[in-house]
Amino acid sequence: MRSLPYFFRGPVVRGFGRGSKDLGIPTANFPESVVDSLPTDISTGIYYGWARLDNGDIHKMVMSIGWNPYYKNTKKSMEAHVIHTFKEDFYGHILSVAMAGYIRPERGFTSLDELITAIHNDIEEAKKKLDLPEHLKLKEDNFFKTSVSTTSNQILNGQHSLL
Ligand code: ADP
Ligand code: RBF
Ligand code: MG
C-alpha cells in the first residue's frame with residue numbers, strides 16, 4: 001500500500017454503542033469526515049500502528065476500517081483500539097494515529113467469540129510487528145512531536161508527517 005505509513009488525527013466520537021468496552025476491546029471511533037478523506041489505496045481491513053491521545057504518550061494500537069461484516073454495518077467506519085489502559089473515557093479528545101501496516105481483511109464471523117479471538121490475535125501481531133525498527137522509528141516522527149490543540153476539533157490527514 002503506497003499510502004502507508006498514513007498519518008491522521010481527529011476527535012473521538014460516539015460509535016455504535018455495542019458495548020465493545022464490555023468485551024475488553026473499546027474502540028475510539030472517528031467522524032465520517034475522517035473516514036471519507038482516506039486515500040483510495042487504503043483498503044478496508046485491519047491495521048496496526050501508533051496512537052497518541054491529545055499530547056500524551058504514544059501507544060501501540062490496532063484499528064479496523066470498513067463495514068464490520070459481523071454486524072453488517074451500512075456505514076463505513078474507522079475505529080482504533082489503543083493497547084493501553086486509560087483511567088477515563090476520552091470522547092471529544094484528539095487522537096493522532098500513524099498507521100504502519102496491514103494485518104488482514106475484515107471478516108464476517110459466525111460467533112462473537114470468534115470475532116473476539118481474531119481481535120486478540122490482531123493485538124498480539126501488532127505488538128510484535130511494532131517492535132521492528134522500521135515501525136519503532138515512526139514513534140519519533142515529527143507528527144507526534146507537534147503540540148495538539150485539544151480545544152479545537154481539528155481534523156488532519158495525509159502521508160506527509162509534517163501535518
Ligand atoms: P463506542 O461505541 O461509543 O465507540 P466503545 O465501547 O467502542 O464505545 O468504547 C469506546 C470509548 O472507550 C472510546 O471512545 C474512549 O473514550 C474509551 N476508551 C477507553 N480506553 C480505550 C482504549 N484503550 N482504546 C480505545 N478507546 C478507549
Ligand atoms: N468487525 C468485523 O465485523 N470483522 C472483523 O474482522 C473485525 N476485526 C476487527 C479487528 C480489530 C483489531 C478491531 C479493533 C475491530 C474489528 N472489528 C471487526 C470491529 C468490531 O466488530 C467492532 O469493534 C465491535 O464493536 C466489537 O465488538
Ligand atoms: Mg467504538
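In this predicted model, β4 (58-66) and α2 (112-129) each contribute at least two residues to the shell around ligand 2. The largest share of that shell, 3 residues, is drawn from α2. Altogether 18 residues surround ligand 2, and the closest are Ser20, Tyr70, Glu79, Arg104 and Arg107. By class, the shell around ligand 2 divides into 9 nonpolar, 4 polar and 5 charged residues.

For ligand 1, β2 (28-29) and β5 (77-82) each supply at least two shell residues, with β5 giving the largest share, 3 residues. There are 19 residues around ligand 1, of which Gly17, Asn29, Val82, Phe90 and Tyr91 come nearest. The shell around ligand 1 comprises 9 nonpolar, 7 polar and 3 charged residues.

| Residue and atom type | Ligand atom | Distance |
|---|---|---|
| Phenylalanine 16, backbone N or O | Ligand 1, oxygen | 3.3 Å |
| Valine 82, backbone N or O | Ligand 1, nitrogen | 2.8 Å |
| Phenylalanine 90, backbone N or O | Ligand 1, oxygen | 2.7 Å |
| Serine 20, polar side-chain atom | Ligand 2, oxygen | 2.8 Å |
| Tyrosine 70, backbone N or O | Ligand 2, oxygen | 2.7 Å |
| Arginine 104, polar side-chain atom | Ligand 2, oxygen | 2.8 Å |

Technical notes. Residues are numbered from 1 along each chain as its sequence is written. Chains are lettered from A and ligands numbered from 1 in the order in which they are written. This is a predicted model: local features need pLDDT of at least 70, side-chain atom pairs count only at pLDDT 80 or more; totals for chains, interfaces and linings use all residues. Side-chain values use heavy atoms; hydrogens and water are left out. A residue is near a molecule or strand if one of its heavy atoms lies within 4 Å of it. A polar contact is a pair of N or O atoms within 3.5 Å; within protein, one must be able to donate a hydrogen and the other to accept it, and residues adjacent in sequence count only if both atoms are side-chain atoms. Helices (H or I, at least four residues) and strands (E, at least two) are DSSP runs, numbered from the N terminus. Ala, Val, Leu, Ile, Met, Phe, Trp, Tyr, Cys and Pro count as nonpolar, Asp, Glu, Lys and Arg as charged, and the others, Gly among them, as polar.
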